[in-house]
Amino acid sequence: MARLTILTGARRGQRFELPPGIVTIGRQVGNTLVVADESVANQHLLLSVDHEGCRVKDRSGGGTAVNGTHVMTAALNEGDVLRMGVVEMRYELGAPAPRPAAGQAPTPTPGGHAARVKREGPRFEDVLREQKAIKKKVIFDIELGPILVWGAMLALAVAGIWAAFHPKPQQVKKKGKARSTQGVAVLGAPAPRPATVGETPVVPEESLPLLPPGFSMASEPAPLPYSLPVGAAKSPVRDNAKIYFTSQSSAQAAVDAASEGDAVVFDGPLANIVVRRPLKDVQFIGGTASWELRADLTDCQFFWHTPVRMTQGGARMERCAFYQSHGSATHLTHADAVSFYHGGTTVMAGDFKTPLDEAQLWLRGFVRGVTVHKLTIAPPEGERRWDMNWPPVVRVQAENLEAHGHNSYILSPVVRGQTAWTPFHVVRATGLTFAQMTSEGGTWADPILEVDYGIDCAVIASALAGRGEAANAGYLRLPDNLKYHDHEEWGHNHANAPFRGAAIQIGGQRNRIFGHGDFKPWSIGRRAALPGMHYADGLVARDPFLQEWSVEQGGLNANFAEPKNIFRVLPRAGGPAYNSTARDLRMRYPVLGVNLARPVLVALGDLRAPPPLLFGKRFTDFTGKPAAAIERALGAGENVFLGAGDYALSQPITNGLVFGAGMDRTIVTWPTNVDCSQRDCKGLVNLTVRGGRYGHNSQAGTGGATNTANALLLRVRFDGQSHAGVTLHAAQDQTYQDCEFVNGRVGFTHGHDRTRGVFMGERGQAGGPAITRLNLANCTFRNLSERAIDLRPGQGQTGVVGIHNCAFEDIADTAVRIFGGEAHLVQNCVFRRVGKETATNAVVEIFGHGAVALSHLDIQNQDFPGSPVGILVGGQVSISHCKINGAQRALVARTPLLVDHVDAVSGTFELPYGSYVTTSTFRNADVKKGAMLVREASQPESISLQAGVQLLDATPPTAVPGVEVDILADGHHIIWKPATDPESGILGYIVFAAQREIYRTPLAYDPGDSASTPLMSRVIPTGFVDTNRLAATYVVKAINGANLLSGGGQAPLLRWGPMRARFLDRGSNEVTVAEITFRNRQSGIVDGKGRKLGAADLRRQGVPDEVRVESRPTAEDGETTPR
């Protein structure tokens, strides 16, 4: 059934169903839809609704507009905005209205006459005749008014006398009220009438489906059933391996013929591939293809291949990897240990010419151990726009409870130039982690992440920013129209401008946030007491058990769920403050701590063939040719392929790219005093680089800016360099993975080449910026005489470093040292025989200005006289799931930190005041099954009796009491009393009519009167007006914090939507925002009437009186394919 949704005024958000036939709209009682606004005429508008659509006829004399154009007659299309005076409504199509049952009486309108019931709507040519007939009825109604009133009074008097002589024990309900039971209100009939003595209303049985809970009740996910190797993979040579080229036979035939150890090179046209039999350990290199997976893929790897479309039937994908092989429609239903390595390459968020209608990477069903690594997302180049209609780039919709997203990571994503689109959307997931999210250049942006329902999901070490302080004038660009995934809304120059909220929206239970702070705060939202911010680093949640570990208040930070057990660790000058809203003293502290999940990264093997094209160039085979010829080709910028063999070069590679036959098969050697490659080298792939001063030195050479030099280093063994394997002058968005650094001095560093005179100090001498974003993954460091990784991002609060799945063996000094920077992450690494017994250096040393997260580190020095210190850290630090053996001082910190699941039986901890330790074992303290806080002089205080695991809520709320219906002129007023839920609290209510949801209370809050008061107090309505007046039975269900409905089942999930703010002036009149202004960095507004207002001109000094979130429909709310 078609409907109108009010967009303005106090009743915004209400929806009105349009039954087939004639619908009248106006201010006067007696219209089908009464709009009480002075700008609306008594009889303003007439609609004709039939199977052909909806047509409109203006009856106000020119006060009607469609999409801003004044009309007298017009046909409405989906999404059209209808304006009557200053009231705006959006027309929306829906399912056809059900035909009335035979003999069913029409529902009377408040005017007193029945609306005409028609099998089919009238033709538009009949509208005027209908209009005249209605006018006659109104006049006739007014003339008979006194007669009807006296008749009604006489009937009531007779009924009263009769009831006085025939008393009954049953109490008669008050006239005009519906009968009610728990959660249900029943009208005696479609038309209101006095209750008949002795009549008992029939309460229909609730036939709403009982949905499955949709989540596992486990406190922790089950351990992974597999263990993948850490570090660079070993690639044994297979003598009988074959390489198939699709240009020599069909692509389908090549895939059909491939077996374990083979490779398929797509050097032909676009192919359509159907995988009909299981494939194991096959590489797919280059080109493009469309894939239909009917059989399993195991241990397969894709390199520089574009799957234009990839779908799964009942097949599985296990232990597979995609390297720079992004497709615009990769939809997987069973993904287990699958890694998507983007290497910092940019993926377009959408296309204005041919917009996508589905997520580009859509993970559904069975999702476990999936990692999306270093994905950069940006809009197409050109003018900044807001009229896109783009789905998310990545959507996670894990529906299989056996693998509901556990151990999956969105790791180090970068979002640039974001506007009206959301890059990441999670419908359902458990144990999914978003780590090191960074953004830049966003203007009037949607959230970077939306989580509809997550359990034990985590957001860690984020570093988000808007366009910067200097770009406040960006608001004055005034976008006219913002087109979202499923709706349109006005831009900031409209009276109903949206209120820009936070960067992250997350719902569900027991989700965690760590290191999410105002490292780059930027907003004019809640802090400056005016609406219209870009997002800053704020977070909006609906989670009754949210855990906020080391979280700064930045931007807008609100939780719409009842705070049953909100745990917060707030950084303070004298030590962190630990706060909890739990009433149960046994649950004040989460005994599992930050409890980071183990990331799963599939290491890449040696490539069995080069791709047809790389960086737009083909490869030339120089196997066995002399060094002079190879150096000339590289100097000309060619892509050179070197087959198995030993090659001796004498000059650094300053241009071009070298691709070998494998680490163990292609070995290229340089003299000791020569750099192997320098700044403008395009790349080294699949070979061993032996000897030389530096394996790769971006501080030396000629060409472009040093911070943008990004040579491709993949499957390279840097062997025996006299100074370092790799030294960078600066790093902006570099990623280096699947490399080995062996038999040298230093493995990976930056600013090491001081002889060049271009880097003297932490920030460099007249050099580019220090590290901005740098990632190392799947690397092995072995037999180094100094440090393995040595980075100094600098004193400034910049620099994000991620080190994952690396192995360190036989390192004479510190394995990982990072001084300075903003947000660092070191996870899933192993350390064997690191350091010297006489040294004071630690195995791992990291000092950051912001968040530092270490997890799943395995330090084993027990059989080796290595470093006496295991981990030395400073900053906002979390250490989770680590093993430290052979270090006398296992854990030393300069600032308070969070520790969980650390096993260091042979070592001690030295932690400052305020540190939190749980489920860990040290020589000087054992809290394997408890928790403690560190006091003065590293003296622990047990808090085990106050620490526990917050259980998930799987019980529905109580039935909604006191549901009643008042029949008034503007519709059926449904009211109810608040329900209760002791476990997770009440989030809101849903009103059902005819087993269909007709209203859901919005997520809304009162922000408080000033910045010094609590940020929010929730606002939950307990009433609704059904202006359609067609339902005879209403069912009101409560929604608790677990998204469960009273009576059982789970509420349909709704996507988060834009935030709206309601402002009042000193006279309590609503103020609409037309424009944000700035003067001397003081923000102000221009309202819809052209008045210039500051914060003091608003009733509450510029703080909104109410802020609400408008939801968006999803697949679980009726759509087949969510967008």
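This is a predicted model: local features need pLDDT of at least 70, side-chain atom pairs count only at pLDDT 80 or more; totals for chains, interfaces and linings use all residues.
1. Residues are numbered from 1 along each chain as its sequence is written, and side-chain values use heavy atoms, with hydrogens and water left out.

2. Which residues of α4 are buried? In this helix, residues 627-635, they are Ala629, Ile630, Ala633 and Leu634. These cover an arc of only 130 degrees around the axis, so they sit on the same side of α4; the arc is taken from the directions from the helix axis to the C-beta atoms.

3. The buried residues of α4 pack against β48 (639-642), β49 (645-648) and β50 (657-660), where a contact means heavy atoms within 4.5 Å. Just after α4, glycine 637 has a positive phi of about 85 degrees.

4. Now for the protein as a whole: its secondary structure comes to four helices and 88 strands. Both are DSSP runs numbered from the N terminus, helices being H or I with at least four residues and strands E with at least two. Of the 1123 residues, 58% are buried. Among contacts with a separation of 6 or more, 61% are between residues 24 or more positions apart.

5. A search of the whole structure finds 34 aromatic pairs. Rings of Phe, Tyr and Trp (its six-membered ring) pair if their centres lie within 6.5 Å; planes under 30 degrees apart count as stacked, over 60 as edge-to-face and the rest as tilted. The rings of tryptophan 291 and phenylalanine 302 have centres 5.6 Å apart and planes at 80 degrees, so this pair is edge-to-face. Because tryptophan 291 lies in strand β19 (residues 288-293) and phenylalanine 302 in strand β21 (residues 301-303), the pair ties together parts eleven residues apart in sequence. Tryptophan 291 is buried at 2% relative accessible area, and phenylalanine 302 is buried at 0%.

6. Do look at the ring cluster too: ring pairs link Phe718, Tyr736, Phe741, Phe748, Phe781, Phe808 and Phe831.

7. Lastly, charges over rings. Arginine 428 lies over the face of tyrosine 453, at 5.6 Å from the ring centre, and lysine 625 lies over the face of phenylalanine 622, at 4.8 Å from the ring centre. The criterion is NZ of Lys or CZ of Arg within 6 Å of the ring centre and within 35 degrees of the ring normal.

Key:
Buried means under 20% relative accessible area, exposed over 50%, partly exposed in between (1.4 Å probe, protein chains only).
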